Amino acid sequence: MNIMDFNVKKLAADAGTFLSRAVQFTEEKLGQAEKTELDAHLENLLSKAECTKLWTEKIMKQTEVLLQPNPNARIEEFVYEKLDRKAPSRMNNPELLGQYMIDAGNEFGPGTAYGNALIKCGETQKRIGAADRELIQTSAINFLTPLRNFIEGDYKTISKERKLLQNKRLDLDAAKTRLKKAKVAEARAASEQEVRITQSEFDRQAEITRLLLEGISSTHAHHLRCLNDFVEAQMTYYAQCYQYMLDLQKQLGSFPSTFLSNNNQSSTTPVQSVSTPSVLASASASLPSVSNSVVTSGLSELKSSSGSRKARVLYDYDAANSSELSLLADEVITVYSIPGMDSDWLMGERGNQKGKVPITYLELLN
C-alpha cells in the first residue's frame, strides 16, 4: 500500500465518521434518535465555564473603554499589539489640556494673575495625565492581561475539548443506533464491540473535559486577586488626583464664592454636600466654605448705597489703562460704587491712588 492509497482510505474513513455524526445529530434534533446525556456535575461545570467566559469578555471590553474612551486609539493599540510593535507615544487628554493651559499662561504673561493661574493649572493637569498613564499601564498588566489570557488560552482549550467530547458522544450514540438496527448475529457482535470502544473513548474524553472545567474555580480565585490589584490601582490614581487638586487649590488661594457675569446674573444655587471616603475626610474639612448669598448680598448693598467698604485683594492685578488701579494680593483697599459703573467693577482707593478694580479680585470685609 503506497502513501496515496493510505491517504485516500483515511479521507474516506473521516468522511464516513463525519456523515455518521451529521446523521445522528439531525435525528436527535428531529426526535428520531436517543441522546446520551452528560452527568449533572459535568453539565454544571460546562455552564459555569460558559458564564465565566461571557462575563469575563464583557468586563474586559468595558474596562478597556474605561481606560481608553477613544475607540480609534483602542483600534490603533490593537493593531500595534498584533504587529508586535510599540504604539507611538502621544499626549493623553489631561496632558494636552495642561500643555494648552501652560502655553496660554505664557502668552498672557506669567506675571499676570490669570496667566500664572493657567500655568499652575496646566502643570497639575500634566501630573494627572501622568497618573492616568500609570493607571492604564498597571491595569493592563495586572488586570486586563490575565482576563485576556483566560479567554484566548484556557477557554479555547476548554472549547476544543468540549467539541471533542460532543463528537465522542455522537459516535457513541450512532454506534448504539446501529446496534439496535443490527439483525444478524455477526452484525450485532460487531456493533457491540463498536459500542464498547466508543463508550470507552467517550468516558475518557468526559474525564479530560471535567478536569479542565474544574480549573474554573482556580481561575475565579486568580481573577479575584487581579480585581484587588485593579481596585488598588484605581484607589492610588484617584488619591493622587485628589492630592494634586488640593495642592493646586492651595497655590491659587480661595476663590470668591460667587462670580458676577456680564449681565449681572449671579449663581445662588446652593452647593450640595458630597460624601467623601473617610480617608479624605480630613482634607475635605479644610476646604473653604462661604455662603453665596452673604457675598452677593454685600456686593448688592454696596452698589445700591453711596457708602464705602474695606476689601481684601485676592490676586495681583495689573491695570490695563490709567482709569484702573493695580492691585497686590492680600492688601486691603477701600471700595465703593458710583452711578453708571459697569456691574463687574468698583472704584478702589489706596491712599491718594484711585481707579477701577474688578469685583472678582476682591473679598469684602465686614
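Contact is taken here to mean heavy atoms within 4.5 Å. By this criterion, among contacts in the chain between residues at least 6 apart in sequence, 67% join residues at least 24 apart. The structure is a predicted model, in which local features need pLDDT of at least 70 and side-chain atom pairs count only at pLDDT 80 or more, whereas totals for chains, interfaces and linings use all residues. Residues are numbered from 1 along each chain as its sequence is written, and side-chain values use heavy atoms, with hydrogens and water left out.

The chain has nine helices and five strands, these being DSSP runs numbered from the N terminus (helices H or I, at least four residues; strands E, at least two). Of the 366 residues in the chain, 33% are buried, where buried denotes under 20% relative accessible area, exposed over 50%, and partly exposed the range in between, with a 1.4 Å probe and protein chains only.

In the helical part, the axes of α5 (residues 113-181) and α7 (residues 216-252) come within 9 Å and cross at roughly 175°, the axes being lines fitted to C-alpha atoms over the stretch in contact and the angles running from 0 to 180 degrees between N-to-C directions. That crossing makes α5 roughly antiparallel to α7, a description applied to angles over 145 degrees. The residues of the contact between α5 and α7 comprise 21 nonpolar, ten polar and five charged, with Ala, Val, Leu, Ile, Met, Phe, Trp, Tyr, Cys and Pro counted as nonpolar, Asp, Glu, Lys and Arg as charged, and the others, Gly among them, as polar.

Among the strands, β1 (308-313) and β2 (332-336) run antiparallel and are joined by five bridges, pairing requiring that DSSP find at least two bridges between two strands. S308 stands opposite Y336 in β2. β1 also pairs with β5 in the antiparallel sense, over three bridges, and V313 stands opposite L362 in β5. The loop between β1 and β2 holds D330, which has a positive phi of about 80° although it is not a glycine and is exposed, with a relative accessible area of 54%.

Key:
Parallel < 35°, antiparallel > 145°, perpendicular 65-115°, else oblique.
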